[in-house]
Amino acid sequence: MKLQTKGKINLLKPKIVILGAGYGGLMTATKLQKALGVNEADIVLVNKNDYHYETTWLHEASAGTLHHDRVRYDIKNVLDRNKVEFVQDTVIEIKSEEKKVLLEKGELAYDYLVIALGGESETFGIKGLKEHAFSIVNVNAARTIREHIEYQFSTYSMDQDESKLTIVVGGAGFTGIEFLGELVERVPKLCQEYDIDQSKVKMYCVEASPTVLPGFDPELVKYAVSFLEGKGVEFIISSAIKECTPEGIIHGKADEEPQEIKAGTVVWAAGVRGNSIIETAGIESMRARVKVEPDLRAPGFDNIFIIGDCALVINEEINRPYPPTAQIAMQQGISVAKNISKLIRNQSDLEKFVPDIKGTVCSLGDHNAIGVVYGKKLVGTPASFMKKVIDNRSLFMIGGISLMLKKGKFNFI
């Protein structure tokens with residue numbers, strides 16, 4: 001069955017198909033619905049779920065410090081249904097030469113395609129990770145992690161198995177550190193609830209690189225590590241996870257004998273790749289990420305734009321890719337909406353995408369964080385305040401004041 005847009009179809013109108021309703025895809029859709037008139041284009045947004053979730057809040061839902069329903073909202077609530085058709089379906093394949101997308105329940109033809117499918121967990125071939133470790137990848141995964149940790153604590157009294165109280169986080173990047181920041185808040189409450197001596201709880205962060213938060217300001221990293229260590233986290237740096245087993249992990253340095261940590265919970269937060277759909281779309285990629293043109297089009301295609309986790313944008317100052325952050329994905333969505341509008345109106349001066357990094361903040365729980373905002377270093381409550389401001393701003397940019405008031409964070413102190 002071929003999916004059609006609602007109402008009478010004007011075959012002369014170009015059709016824009018947006019795959020994915022994450023930060024980049026949803027921003028593209030909301031900007032296009034404002035930029036284009038109803039007679040200028042048919043816009044279709046495709047997403048597996050009928051909700052958008054704030055990826056940058058998933059670590060809170062995973063630790064259990066924020067209910068999983070708080071991190072998501074209905075996609076239809078931010079769309080102009082007169083201009084954008086929402087299709088809840090799963091993308092199976094992109095046939096770029098045929099200008100067609102195959103879905104589980106049908107197919108869609110397109111004139112312009114925006115690929116904003118988000119990333120996938122990258123295990124780097126480490127044995128047992130897929131089978132025995134959790135990854136903070138979506139709302140359901142976050143809920144599963146929270147429930148699993150609570151189950152481990154709730155059943156500890158039955159067998160006194162202390163591995164149930166041991167949590168290993170693989171990776172000391174943003175996701176791993178932010179998850180640990182929430183975990184050190186949640187663990188004392190779990191211990192109180194289930195009458196557990198908190199000294200029996202072990203939290204490890206295993207990182208193959210020689211530093212925590214690689215690329216971040218060393219002074220701020222030192223603050224974060226000191227804070228987390230003071231809350232009971234043990235960092236194992238320059239040591240790679242070799243294998244994940246049902247009992248825990250095996251880790252070690254290249255020149256040392258591997259060691260085992262018995263743990264009831266292993267959370268993998270060390271790798272992200274693009275979406276595997278990219279790899280069969282006839283578009284050149286590496287780890288399912290595409291080195292896009294300056295205007296965010298896929299190389300060799302004048303009608304396919306790629307944004308978010310699937311896009312590789314090079315920072316020419318250091319000749320390294322920009323990290324695939326929510327901030328950049330939203331800026332890409334704005335840029336793509338402008339460029340597609342120009343193409344539809346036969347304007348050739350497409351915008352070159354240049355990220356405008358206003359700041360980067362890493363949370364360490366509800367009232368602590370580290371960050372650099374407009375070139376100024378922040379720690380503690382001021383950094384935490386800015387983190388919440390950033391979170392609220394992303395809601396405002398997509399859904400306006402009503403969405404921000406409904407879903408935003410306002411516990412600033």
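The questions and answers below go through a helix contact and some salt bridges of a predicted model.

Residues are numbered from 1 along each chain as its sequence is written. Because the model is predicted, local features need pLDDT of at least 70 and side-chain atom pairs count only at pLDDT 80 or more, while totals for chains, interfaces and linings use all residues, and side-chain values use heavy atoms, with hydrogens and water left out.

Student: Which residues of H9 make the contact with H1?
Tutor: The axes of helix H1 (residues 23-35) and helix H9 (residues 380-407) come within 9 Å and cross at roughly 35 degrees, where axes are lines fitted to C-alpha atoms over the stretch in contact and angles run from 0 to 180 degrees between N-to-C directions. Helices here are DSSP runs (H or I, at least four residues), numbered from the N terminus. With contact taken as heavy atoms within 4.5 Å, H1 brings Tyr23, Leu26, Met27 and Thr30, and the residues of H9 are Ser394, Met397 and Ile398.

Student: How many salt bridges does the structure hold?
Tutor: One of them joins the side chains of Arg72 and Asp69 (2.7 Å, N to O). The structure holds 24.

Key
Helix = DSSP H or I, 4+ residues; strand = E, 2+ residues; numbered from the N terminus. Salt bridge = Lys/Arg side-chain N within 4 Å of Asp/Glu carboxyl O.
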